[in-house]
Amino acid sequence: MTLNKSYPTKNLENTENETNKTNVTLEHYTVKKYEELKYLQFDIVYNEYVKKHNRIVTEMLNLSAKYNLSELPKVIVTQPDMGTGYGNRISAIVCGFLYSLITDRLFFIDGYNNFEDYYEKDFDHDWKIVTNLYENKNSTSRYIHDYNIYNDFQLVTRGNISNEEITSHKILYVRTWDYVCAPITSNPHYKKWFDKMIPDYRVFTAISLKLLRLHPNISKQVETFANNNFNDYIIGIHLREKKSPYNMIIPVEHYSQAVKMLLLGMKNTNITIFVAADSNNGRNKLVNSLREVFNSHSNNSINIVHTEEDMDSPNPVSFRNTGSEVGALIDMKLLSLCDDLLITYGSSFGFTAAGWSRKASRQRGPFVVMPIKNSKNDLLVIDKVWVWGAMSNEPCMYLSKWLIYYEDEETVRVFKTNPLWLHYSQCHWPQDINIKV
Ligand SMILES: Nc1nc2c(ncn2[C@@H]2O[C@H](COP(=O)(O)OP(=O)(O)O)[C@@H](O)[C@H]2O)c(=O)[nH]1
Ligand SMILES: [Mg+2]
């Protein structure tokens, strides 16, 4: 696509007060079909937090010798697992920041090296800069979440995170691979806060669009790709083949069939299908399958595109995955710009893209292509293409199954007062409910 001159682009994520200006960002351009997402109240809270953080941290660093333990500010320390992918890490960061706002604690991230190479940074949240101060004063700490080993879901779902016991700890750690803060949106203690700050309860979107704005060098690459390739209607597909839940599989042809379904009734539209995948082979297979299916499709012009990221190259940071860190952010951001998303069951990459987006205002979530039994028979029969339409663009929460299964009745009841509980618990590993880790 040639650059549309009436929509000059500038910083992709520079969101503040942008909505009323003529010069709109790329996200605004591609989002124009949807209601604008505005979190005016949340933006104020965020900006105030940034000021407060910068002021207090400067003071702490200047006066560190003079601080006694009781004066040290209380903190939330998020520990994303850098060996895992963005879906895991971004969820951990968003949850930690949400807790810090709600409990009026300072927010830090532990172990995300070179964060500023990937994102714009409004305040220094590197735990390294103040760790010594806390360690020297023998601060006590407590985990709210510790991967799958420990999660205080009773506290998060219906407790008061500022109660006496919790407040006695200077440090609260959030160590997770999951969007574990989701149940707090059911918590009666915080209902008023959400009603005021994020009235549509798109918590992940409100926070991630502020806290995780791409570095200009990266957003420039996203903009260039989108300007050159995206047409009037964009369908994004995320294919994840390297994770296969319970040896179940998803033939690539099922994605093509699902796209066909999305295009039903669409005529005379210039369509782009943007493909992102976790391997070169997967991406090629999917592109070929799409070409086969849409070669003869006459109602619309269809352009199938992808970035040139080498998905077979090792990732030095996220050792469990391949492809570069920057390449992953670019693919994820491009997915987030798409009008419709078709993602892979059991992968948080696509869900994170759906939520980390102004387009999260659309009233439907991504379509999730489900796996099927790896049987030799009838794999490609159309009635076996299982696609589930998510009801929200918030990430899912695989641990919600643990919550529902293992927590006390009242905690489960309160969790289910949020209608999105169904959404949160529809993803990842259906059988895990029987496995206690
Ligand atoms: N560039 C790129 N990287 C991907 C893609 N899919 C997976 N990856 C890589 O694999 C990681 C997957 O981790 P994550 O986002 O946690 O998703 P999940 O592990 O599937 O739930 C990402 O962070 C990327 O490093 C893709 O479509 N494009
Ligand atoms: Mg992952």
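A short chat about this predicted model follows.

Reader: How are residues and chains labelled here?
Author: Residues count from 1 along each chain as its sequence is written, while chains are lettered from A and ligands numbered from 1 in the order in which they are written. The model is predicted, so local features need pLDDT of at least 70 and side-chain atom pairs count only at pLDDT 80 or more, but totals for chains, interfaces and linings use all residues.

Reader: How many helices and strands?
Author: The protein chain has 17 helices and 11 strands, which are DSSP runs numbered from the N terminus (helices H or I, at least four residues; strands E, at least two).

Reader: Which residues come nearest to ligand 1?
Author: G85, G87, A276, N321 and S347, out of 22 around it; a residue is near if its C-beta atom, placed from the backbone, lies within 6 Å.

Reader: Which helices and strands supply that shell?
Author: α3 (86–103), β7 (270–277), α13 (325–336) and α14 (348–355) each give at least two residues.

Reader: Now the sheet. What is the strand order?
Author: Six strands form an open sheet, β8-β7-β6-β9-β10-β11, with mixed pairing; two strands pair if DSSP finds at least two bridges between them. β8 (301–305) and β11 (387–389) are the edge strands, each pairing on one side only.

Reader: How do β10 and β11 run?
Author: β10 (residues 367–369) and β11 run antiparallel, joined by three bridges. V368 has W388 in β11 as its bridge partner.

Reader: Which strands does α14 touch?
Author: α14 packs on the sheet, touching β6 and β9; contact means C-beta atoms, placed from the backbone, within 7 Å.

Key: Two residues are in contact if their C-beta atoms, placed from the backbone, lie within 7 Å. Axes are lines fitted to C-alpha atoms, for helices over the stretch in contact, and angles run from 0 to 180 degrees between N-to-C directions.
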